[in-house]
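Open the viewer and get ready to select residues. This short tour moves from one stop to the next.

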Amino acid sequence: MKTEDLIERLGNDLGPVKPLAAPWRRAAGWLACAAAYLCGVVLFAWARGRSLDGAGANILQQGALIVTAASASVAAFASVVPAADRRVLGVPLVPGMLVMASLLWGCIVDVRLQGTLGIGRETDWPCVASISLGGTLLWALGVAMLRRGAPLTPLISSLLAGVAAFSVANLEACVSRSHAFTITVLLWHGVTTALVVAVLAYVGRGLIAWRTLETRLK
Amino acid sequence: MRAAQAGDADAYRALLTAVTPRIRRIVRARRGFLDVADTEDLVQDVLLSVHSVLATYDPSRPFMPWLLAIVRNRLADAARRYGRKHAHELQVDDLQVTFGETVTNTLYEGPGDLEALSHAIRALPAGQRQAIELLKLQEMSLKEASVATGTSVSALKVATHRAIVSLRRILGVASDED
């Protein structure tokens with residue numbers, strides 16, 4: 001097809017287009033859904049008589065998780081806007097490192113107070129299940145929203161959506177279930193998050209793609 | 001672009017027509033090794049991409065950086081595709097063509113010994129002989145032969161295959177399966 005003919009066809013295909021909201025606004029929408037999920041699951045756990053000892057047990061870690069979720073979601077939505085400032089993509093690293101630092105500090109405190117790191121003392125399958133399911137659900141919502149954007153860096157966009165989603169899922173797991181040793185959180189939550197986010201980032205690369213947008217057109 | 005986002009098709013066509021030469025220049029400058037058709041394909045890719053993400057343009061921001069970000073991204077995508085494609089392709093400069101070989105052009109493949117073939121066909125079992133006679137000698141279609149013999153099409157195919165294998169064996173011709 002000649003380029004002039006393509007332009008003619010694109011003109012015929014045009015309808016009114018509502019510009020996307022700013023990335024932080026879209027992120028706020030996603031975070032509202034994530035907060036609803038978090039409250040829903042935590043209230044459900046509380047209604048079933050589970051103690052919410054984990055809430056507020058580690059303010060720094062939980063605060064850092066919230067900031068990670070917020071910054072990663074803003075970064076994810078910025079990553080699908082052409083010419084947006086790419087520096088925002090690196091921002092989630094800061095709170096992410098803070099989460100890691102707080103976990104490592106928790107391990108040191110455990111050794112000092114309890115005399116052991118506690119490796120192998122606890123299993124945490126309920127957290128693995130809730131983090132995997134909840135995180136995947138929130139990631140899917142994020143990816144569905146990201147598909148209304150330009151797939152400039154699909155892998156990074158999907159990865160950031162995963163980081164945001166699994167930060168919220170980790171927060172839910174930490175609030176709903178308390179752990180005797182920080183190493184349990186570091187290993188069980190950390191490995192689950194790393195594995196599932198890696199898989200989802202790869203899967204998302206295929207979902208956020210130019211060809212899916214252009215196929216609609218053809 | 002604001003008019004285009006509002007649905008003004010003429011403004012949109014005018015905009016695309018105006019930016020196309022610039023996109024073409026960028027593609028030529030960065031991918032000079034592409035031929036005209038590939039360059040034009042890439043330009044059209046960019047136009048399709050622009051069209052599919054019109055909603056991501058913020059009217060309060062300048063248009064060109066937005067467009068150039070898409071152009072850069074599509075060029076990088078095309079380079080990756082090009083790399084992947086060429087990693088699996090083997091350039092062959094001097095292809096050995098069978099039709100050019102002397103042997104191919106000098107040997108004549110005749111019908112062979114017709115008497116021997118006739119004897120070999122008569123030596124076949126009745127079903128196989130009938131299949132060969134109808135399908136190969138009388139040149140009936142499978143459907144017609146099926147109606148004529150009351151045998152299913154698949155049974156005829158099997159009988160023909162077996163008959164040909166038997167004939168090759170009897171006549172001492174090397175089979176393709178050997």
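Leaving aside residues up to four places away in sequence, which residues does Asn73(B) touch? Select Asn73(B) and look around it: the residues it touches are Pro151(A), Leu152(A) and Trp210(A). Bear in mind that this is a predicted model.

Now show the helix around this residue. Asn73(B) sits in helix H4 of chain B, residues 63-87. Is Asn73(B) buried or exposed? Its relative accessibility is 11%, under the 20% cut-off, so Asn73(B) counts as buried.

**The contact between the chains**

Next, colour chain A and chain B separately. Chain A brings 31 residues to the contact, and chain B brings 35 residues. Together they bury about 2600 Å². Carbon and sulfur atoms give 68% of that area. On the chain A side, select Ile7(A), Leu14(A) and Trp210(A).

**Two helices in chain A**

Last stop: select residues 59-78 of chain A, helix H3, and residues 154-176 of chain A, helix H6. Their axes come within 8 Å and cross at roughly 155°. Angles over 145 degrees count as roughly antiparallel, so H3(A) and H6(A) are roughly antiparallel to each other. The crossing is left-handed.

Show the side chains where they meet. H3(A) contributes residues including Leu65(A), Ala69(A) and Ala72(A). Among those from H6(A) are Leu160(A), Ala164(A) and Leu171(A). By class, this contact has 14 nonpolar, seven polar and no charged residues.

Note on methods
Residues are numbered from 1 along each chain as its sequence is written. Chains are lettered from A and ligands numbered from 1 in the order in which they are written. This is a predicted model: local features need pLDDT of at least 70, side-chain atom pairs count only at pLDDT 80 or more; totals for chains, interfaces and linings use all residues. Side-chain values use heavy atoms; hydrogens and water are left out. Axes are lines fitted to C-alpha atoms, for helices over the stretch in contact, and angles run from 0 to 180 degrees between N-to-C directions. Helices (H or I, at least four residues) and strands (E, at least two) are DSSP runs, numbered from the N terminus. Angles under 35 degrees count as roughly parallel, over 145 as roughly antiparallel, 65 to 115 as roughly perpendicular and the rest as oblique. A crossing is left-handed if the near helix is turned anticlockwise from the far one by less than a right angle, and right-handed if clockwise. Contact means heavy atoms within 4.5 Å. Ala, Val, Leu, Ile, Met, Phe, Trp, Tyr, Cys and Pro count as nonpolar, Asp, Glu, Lys and Arg as charged, and the others, Gly among them, as polar. Buried means under 20% relative accessible area, exposed over 50%, partly exposed in between (1.4 Å probe, protein chains only). Buried area is the accessible area (1.4 Å probe) that two parts lose on being put together, summed over both.
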